[in-house]
Amino acid sequence: EANTDNIFGAVLLVQAVSGGGMSSAEAGEMLSKFSEPIKSHPYLVEMKGYLENMGRTDVGQQFIDIAMNDTEGKTVSLSDVVAANEYTLLDFWASWCGPCMGEIPNLTAAYEKYSDKGFEIYGVSLDEDESSWRAALKNKNMDWVNVSSLEGWLTPAVKEYRLQSIPASWLIARDGTIVARNLRGEELETKLAGLLK
């Protein structure tokens, strides 16, 4: 707020958004406070376009469908999984991502507790090495829906969901509405406890 008349403020805004500290609505409101000369800077013009796209995956929006191959080579669409369950967690991860692997026990606990009550996970791996992907699934007992194109950050869904980092997740209701984003630690279980009574 103290730098809305200079490019340093624009840099700070981009960092706040890419770090996950601001929603697209909050960032858009902040962007509107910048002086007109700074708003016209290519840096903020690009940020405005990014925020408009990012808003498509905010809480309250309809999810964007994706379809990828599972471990058997069968194409599984997110829409089919969402339609078959009360709540579905779209989870982006990779075997090489330490924070992602650190979240797996929390996902496993939530899955074991709520999978028979209408909860499913649609895990999208950004792995490029198939053996690493499969080993992680086996070693961590990730028994939910797992898909990957084995294209890493070039996976089309990365662009659709405007990923800046992983782990990243969206909790989606059966009607397709995004009800939460990036639930960490025990937050997922707490949220599901309130939703799946």
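**Notebook: salt bridges in the predicted model**

I began with Arg-134, which counts as partly exposed at 34% relative accessibility (buried means under 20% relative accessible area, exposed over 50%, partly exposed in between, with a 1.4 Å probe and protein chains only). I note that this is a predicted model, in which local features need pLDDT of at least 70, side-chain atom pairs count only at pLDDT 80 or more, and totals for chains, interfaces and linings use all residues. Residues are numbered from 1 along each chain as its sequence is written, and side-chain values use heavy atoms, with hydrogens and water left out.

I looked up the partner of Arg-134 and found a salt bridge to Glu-130 at 2.9 Å, N to O (a side-chain nitrogen of Lys or Arg within 4 Å of a carboxyl oxygen of Asp or Glu). Both residues lie in helix 7 (residues 130-139), four residues apart, about one turn of the helix. Helices (H or I, at least four residues) and strands (E, at least two) are DSSP runs, numbered from the N terminus. Glu-130 is partly exposed at 36%.

I recorded Asp-58 as buried at 14% and Arg-181 as partly exposed at 26%.

I also looked up Lys-113, which forms a salt bridge with Glu-189 at 3.6 Å between the closest N and O atoms.
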